[in-house]
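Please consult the sequence and the 3D view as the sections proceed.

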Amino acid sequence: MKTKYLLNNKYKPLGWFLLTIGLLIGSYILFIGDLNWTMRVFPLLGEEGFISKTPSLEWSDNEIEDELASLLFIAGGLIVAFSKTADEDEFISKIRLESLMWATWVNYIILFFAVLFVFDMPFFNVMIYNMFTVLLLFILKFHYEVAKSKRTLVYEE
Amino acid sequence: MKNSIKVERAIKGLTQAKLAELIGVSRQTINAMELNKYVPSTVLALKLSEIFEKPVNEIFQLDADD
């Protein structure tokens with residue numbers, strides 16, 4: 001089947017690998033602490049102030065574990081989400097689009113209520129999670145729905 | 001929309017898996033169509049029509065709520 005915006009199925013394991021590493025590093029930073037992986041960075045946009053020391057258009061040192069976790073999660077998540085299943089066809093594409101819609105709805109409904117009821121630093125945390133939740137919700141929903149459609153097969157025929 | 005895929009499949013003596021292979025879809029797709037959970041594209045309907053050697057509108061019929 002011809003499909004737009006989907007990658008070949010062979011990239012899916014690579015996606016899972018990157019996503020897992022990203023999740024592990026990310027969880028470590030959020031729940032345990034800094035890893036202090038420092039590297040020279042060149043911000044196009046940065047800030048020099050009370051807690052930030054990364055001025056725009058100048059080399060400076062930065063702890064890059066959070067950037068690394070984000071990039072791994074986004075790259076891995078996109079690959080997992082948008083590489084074809086081994087048997088991708090029009091029915092699975094329909095499940096895919098419906099799952100994507102579901103994930104977008106759920107994500108923004110949660111964000112809507114977070115805007116209403118969460119403030120200050122906790123809201124900053126919501127924004128951090130929200131960078132990744134659309135992808136995560138979609139991946140969970142899509143794989144659940146595909147598995148469910150396979151499970152009903154046992155009782156048919 | 002209703003369809004008689006399950007019946008036609010039985011007439012041809014095909015399993016879901018075999019029919020899926022013949023028209024190049026997953027087995028879930030055949031299953032979902034037979035359970036009226038999925039309305040196939042025109043391309044898929046025409047492929048089924050070829051396999052069953054019957055016109056499309058003998059395999060698929062409109063429902064009251066279509």
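**Confidence**

Chain B has an average pLDDT of 94, and 100% of its residues score at least 70; pLDDT is the predictor's confidence in each residue, from 0 to 100. Helices (H or I, at least four residues) and strands (E, at least two) are DSSP runs, numbered from the N terminus. For the model, ipTM is 0.90 and pTM is 0.89.

This is a predicted model, in which local features need pLDDT of at least 70 and side-chain atom pairs count only at pLDDT 80 or more, while totals for chains, interfaces and linings use all residues. Residues are numbered from 1 along each chain as its sequence is written, and chains are lettered from A and ligands numbered from 1 in the order in which they are written.

**The interface**

Contact joins 13 residues of chain B to 12 residues of chain A; two residues are in contact if their C-beta atoms, placed from the backbone, lie within 7 Å. On the chain B side, helix α3 (residues 27–34) of chain B gives the largest share, five residues.

**An exposed residue**

A:Ser27 lies in helix α1 (residues 12–31) of chain A. A:Ser27 counts as exposed because it has 11 C-beta neighbours inside 10 Å, the limit for exposed being 12 or fewer. A:Ser27 and A:Ala69 are 42 residues apart in sequence, with 8.9 Å between their C-alpha atoms.

Notes
A residue is buried if 20 or more other C-beta atoms lie within 10 Å of its own, exposed if 12 or fewer, and partly exposed in between; C-beta atoms are placed from the backbone.
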